[in-house]
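Hi everyone, thanks for coming along. I'd like to walk you through one model this morning, moving from a helix to some aromatic rings and then to helix packing. Let me put it up on the screen.

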Amino acid sequence: MVYQEEVQKLFETFLTENPIAAVLSGQLEKTEFLKMRLHPVLLGETMMFQAEEFRGKQAFHKNMDRDQAAGYLTGLMGTSFKQAQLETADWTASVLVSKKGKATIKVKKRAEDGERKLEDAWKNGLSHNRKKQYILEEGIPVPFLIDLGVQTREGRIVHARYDKFRQINRFLEFIEDILPRLNKERESVILDFGCGKSYLTFAMYYYLKELKGYPVRIIGLDLKEDVIEKCNALARRYGYEKLTFYTGNIASYEGADQVDMVVTLHACDTATDYALEKAVRLGASVILSVPCCQHELNGQMESQLMKPVFQYGIIKERMAALYTDALRAQILEAMGYRVQILEFIDMEHTPKNLLIRAVKQGKKKENQKELLDIMEELHVEPTLYKLLMRN
């Protein structure tokens, strides 16, 4: 194809000039292959490139060297996808391939704004002569961060993984806040529903057990068997005897009679509700939940008062997501928890970045009138309400 040489040259340049990420999208034909994201990873001492292929409802990963990655990217353009977005430390680029086989390439240098200068200064340890203090400090090697490609063996943070490093530390700040609710005199049981690759599960164990000395047992649960196998292998390698992972479903999990804390991050739609219900039933003192894909109420919401607003699909969708989490918070309040909704840093920069933090206070609320009035006005009945409060 006429554009291939030009596009391949751009990809080769991208892969050698401090690459951050490449995203290919815009299907040329309707297939299960929806999108591809590629970013650098450090495997041992070798810099590789990991492609994350989104096919249907699953994501598949493959690692390649620089030459393989260049050929892989070039091969997908014009055959599977028509658009590419590239990001490096110094520039961004977009590629669009037309139906006639013509490639439009636009390259733009990053603006040297105040935020960029501040970030660069911090990375060099110069941020106004003061380094930002993180719970897991840069420069101190942590085994699981090295294996997960966030740190080098010397403890430096991999440039393309700074967002993940910040996310991990932000999550640990939430853990730090609830330390008074964990008993140092006995073993605390913590469940992580939908743990996925378990960046934050390992971080939680390392912080509580290795750094703070809390006697904890952490259980990770996810549906993907291959992911669970890898997580268990890593836990064994580090000697994390009280960290185990199991394959299973949130709703049917029966592996514990009582727990101290439940964590659920990005459980999709009503899976969050089943995790919250399980946490309440098991008597969790602390719940940390980052919900995702709140679709349920969007299909239920009706209101004569709000009808002029609900006619705009995207507005209704966003309001439904906010109402979903607000009602979840109110239901947890009714079940005897003190609840905060806080901003959480998300690795993928999506708007799905609210965290529900619930701390058990004791008595359930007797008066549910305000909650019921809101549900009646919106014509909704959330899954969490049906699971915990419907008589």
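Let's begin with Thr-272, which is found in helix α8. A word on naming: helices (H or I, at least four residues) and strands (E, at least two) are DSSP runs, numbered from the N terminus. This is a predicted model, in which local features need pLDDT of at least 70 and side-chain atom pairs count only at pLDDT 80 or more, while totals for chains, interfaces and linings use all residues. Residues are numbered from 1 along each chain as its sequence is written, and side-chain values use heavy atoms, with hydrogens and water left out.

Is Thr-272 buried or exposed? Thr-272 counts as buried, because its relative accessibility is 0%; buried means under 20% relative accessible area, exposed over 50%, and partly exposed in between (1.4 Å probe, protein chains only). Setting aside neighbours within four places in sequence, Thr-272 is in contact with Ala-267, Ser-289, Pro-291, Cys-292 and Arg-328, where contact means heavy atoms within 4.5 Å. Between Thr-272 and Ile-315 there are 43 residues in sequence and 22 Å in space, C-alpha to C-alpha.

Glu-277 lies in helix α8 too, which spans residues 271-281. With a relative accessibility of 15%, Glu-277 counts as buried. If we again leave out neighbours within four places in sequence, Glu-277 is in contact with Leu-384, Leu-387 and Leu-388.

Now for the backbone. Most residues other than glycine have a negative phi. His-266, in strand β11 (residues 261-268), has a positive phi of about 60 degrees although it is not a glycine. His-266 is partly exposed, at 31% relative accessible area. His-379 also has a positive phi, near 65 degrees, and is found in the loop between α11 (369-378) and α12 (383-388).

On to the rings. How many aromatic pairs does the count come to? It comes to 11 aromatic pairs, on this rule: rings of Phe, Tyr and Trp (its six-membered ring) pair if their centres lie within 6.5 Å, with planes under 30 degrees apart counted as stacked, over 60 as edge-to-face and the rest as tilted. One of them is the stacked pair of Phe-144 and Phe-202, at 6.1 Å centre to centre with 20 degrees between the planes. This pair links distant parts of the chain, since Phe-144 is in helix α4 (residues 143-147) and Phe-202 in helix α6 (residues 199-211), 58 residues apart. Phe-144 is buried, with a relative accessible area of 0%, and Phe-202 is buried with a relative accessible area of 0% as well.

Phe-174 and Phe-344 make a tilted pair, 6.1 Å centre to centre and 45 degrees between the planes. Here too the pair links distant parts of the chain: Phe-174 is in helix α5 (residues 162-177) and Phe-344 in the loop between β13 (337-343) and β14 (354-360), 170 residues apart. Both Phe-174 and Phe-344 are buried.

There is also one aromatic cluster formed by Phe-144, Phe-202, Tyr-205, Tyr-206, Tyr-238, Tyr-240 and Phe-245.

Which brings us to α6. Of its 13 residues, 10 are buried, so α6 is largely enclosed by the rest of the structure. Among the buried ones are Tyr-199, Phe-202, Tyr-205 and Tyr-206. Just after α6, Gly-213 takes a positive phi of about 75 degrees.

And how does α5 meet α6? The two helices α5 and α6 pack at an angle of about 50 degrees, with their axes 10 Å apart; axes are lines fitted to C-alpha atoms, for helices over the stretch in contact, and angles run from 0 to 180 degrees between N-to-C directions. That makes α5 oblique to α6, given that angles under 35 degrees count as roughly parallel, over 145 as roughly antiparallel, 65 to 115 as roughly perpendicular and the rest as oblique. The residues in contact include Phe-171 and Ile-175 of α5 and Ala-203 and Tyr-207 of α6.

Last one: helix α10 (residues 313-334) and α11 pack at about 155 degrees, with their axes 11 Å apart. The two helices α10 and α11 are therefore roughly antiparallel to each other. Tyr-323, Leu-327, Gln-330 and Ile-331 in α10 meet Leu-371, Ile-374, Met-375 and Leu-378 in α11.
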